[in-house]
Amino acid sequence: LGLEKVPKDLPPDTTLLDLQNNKITEIKEGDFKNLKNLHALILVNNKISKISPLAFAPLKKLERLYLSKNNLKELPENMPKSLQEIRAHENEISKLRKAVFNGLNQVIVLELGTNPIKSSGIENGAFQGMKRLSYIRIADTNITSIPKGLPPSLTELHLDGNKISKIDADGLSGLTNLAKLGLSFNSISSVENGSLNNVPHLRELHLNNNELVRVPSGLGEHKYIQVVYLHNNKIASVGINDFCPLGYNTKKASYSGVSLFSNPVQYWEIQPSAFRCIHERSAVQIGNYK
């Protein structure tokens with residue numbers, strides 16, 4: 001449509017407002033007045049760089065706010081407390097302040113990928129008050145470590161394509177409900193011993209396309225991990241107890257996917273018993289290193 005501002009006099013019974021792919025540069029106070037029944041607001045792919053602090057005040061029932069592909073340098077304060085989903089990838093966001101997320105107790109999904117965020121720009125415990133947060137994605141940014149003070153409610157953490165160089169055990173502490181951890185396409189060369197103990201319910205671990213020289217410790221004892229991506233690393237050998245518990249005790253959950261291809265280790269150098277707890281032979285992808 002080529003709109004440069006939010007249209008006036010929108011019907012008060014509007015529940016979904018889709019203004020994506022326009023040329024809106026600013027969201028002003030009063031733009032959404034009377035829209036107290038709005039559930040979803042889609043502002044994707046505009047040129048928004050400014051949002052008035054009171055712009056969202058009337059939206060007491062808003063559950064979904066999509067701000068991706070704009071020119072925002074920060075997320076707005078005073079977002080509606082009713083929000084369940086915030087998506088703001090592909091902006092110019094460099095700071096994440098605690099004040100912005102304060103009181104957003106209903107948010108389940110937070111998507112902040114492809115922004116120039118640095119670790120120093122994330123305020124300590126920025127997400128701590130988000131008691132229901134289940135899914136967070138901060139991929140393709142400039143962060144160098146796992147953000148501190150993530151809420152224990154998280155089940156999925158996607159930090160792929162960043163500049164993380166190592167995993168410290170305390171970086172994962174408290175994430176007892178985490179089921180999926182994405183750390184592919186970083187520069188991770190080491191995973192500290194005990195890291196996996198802090199995520200006892202983890203089912204999927206993506207560490208492909210990193211700088212790992214060995215299989216992370218703790219996989220053998222972990223009860224639930226089923227998928228481990230380790231391809232495209234620098235792993236030169238696989239130990240007999242790297243994946244399976246000592247002896248022939250079976251793991252609680254069987255692996256459904258282990259990838260080791262594109263590593264220096266040759267498949268004939270790996271003892272077959274290293275995979276003794278894996279019942280599906282097709283679950284293991286070793287392949288060759290080019």
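Me: What does Thr25 count as: buried, exposed or partly exposed?
Reply: This is a predicted model: local features need pLDDT of at least 70, side-chain atom pairs count only at pLDDT 80 or more, and totals for chains, interfaces and linings use all residues. Residues are numbered from 1 along each chain as its sequence is written, and side-chain values use heavy atoms, with hydrogens and water left out. Buried means under 20% relative accessible area, exposed over 50%, and partly exposed in between (1.4 Å probe, protein chains only). Thr25 has 40% relative accessibility, so it counts as partly exposed.

Me: Where is Thr25 placed?
Reply: Helices (H or I, at least four residues) and strands (E, at least two) are DSSP runs, numbered from the N terminus. Thr25 sits in the loop between strand E1 (16-18) and strand E2 (26-27).

Me: Which residues does Thr25 touch, not counting residues up to four places away in sequence?
Reply: Contact means heavy atoms within 4.5 Å. Lys47 is 22 residues from Thr25 along the chain, and their C-alpha atoms are separated by 4.7 Å. With residues up to four places away not counted, Thr25 touches Glu4, Lys47, Ile48, Ser49 and Lys50.

Me: Which backbone oxygen does the side chain of Ser153 reach?
Reply: Ser153 lies in the loop between strand E8 (135-137) and strand E9 (156-158). Leaving out residues up to four places away in sequence, Ser153 touches Met130, Lys131, Arg132, Leu133, Ser134 and Asn177. At 2.7 Å, its side chain reaches the backbone oxygen of Leu133.

Me: Is Phe185 buried or exposed?
Reply: Phe185 lies in the loop between strand E11 (180-182) and strand E12 (190-191). Beyond its neighbours within four places in sequence, Phe185 is in contact with Asp160, Gly161, Asn162, Asn208, Asn209 and Asn210. Its relative accessible area is 51%, so Phe185 is exposed.

Me: What is phi of Asn209 near?
Reply: Most residues other than glycine have a negative phi. Asn209 is in the loop between strand E13 (204-206) and strand E14 (227-229). Its phi is positive, in a residue other than glycine, and is near 55 degrees.

Me: Which cysteine does a disulfide join to Cys244?
Reply: A disulfide is a pair of cysteine sulfur atoms within 2.5 Å. By this rule the count comes to 1. The S to S distance is 2.1 Å, and the partner of Cys244 is Cys277.

Me: How many residues apart are Cys244 and Cys277?
Reply: The pair links distant parts of the chain. Cys244 is in the loop between E14 and strand E15 (257-259), and Cys277 is in the loop between E15 and strand E16 (284-285). They are apart by 33 residues.

Me: Which residues line the largest cavity?
Reply: On a 1 Å grid over the protein atoms alone, a cavity is a set of points where a 1.4 Å probe fits but cannot get out, and lining residues have an atom within 4 Å of a point. The structure holds 1 cavity of 30 Å³ or more. The lining of the largest cavity divides into 8 nonpolar (Ala, Val, Leu, Ile, Met, Phe, Trp, Tyr, Cys and Pro), 1 polar (the others, Gly among them) and no charged (Asp, Glu, Lys and Arg) residues. The residues that line the largest cavity are Ile167, Leu172, Leu181, Leu183, Val191, Ser195, Leu196, Leu205 and Leu207.

Methods. A polar contact is a pair of N or O atoms within 3.5 Å; within protein, one must be able to donate a hydrogen and the other to accept it, and residues adjacent in sequence count only if both atoms are side-chain atoms. On a 1 Å grid over the protein atoms alone, a cavity is a set of points where a 1.4 Å probe fits but cannot get out, and a pocket is an open set with protein on both sides within 12 Å along at least five of seven lines; lining residues have an atom within 4 Å of a point. Grid points are joined across faces, edges and corners, and a volume is the space filled by probe spheres set on the points.
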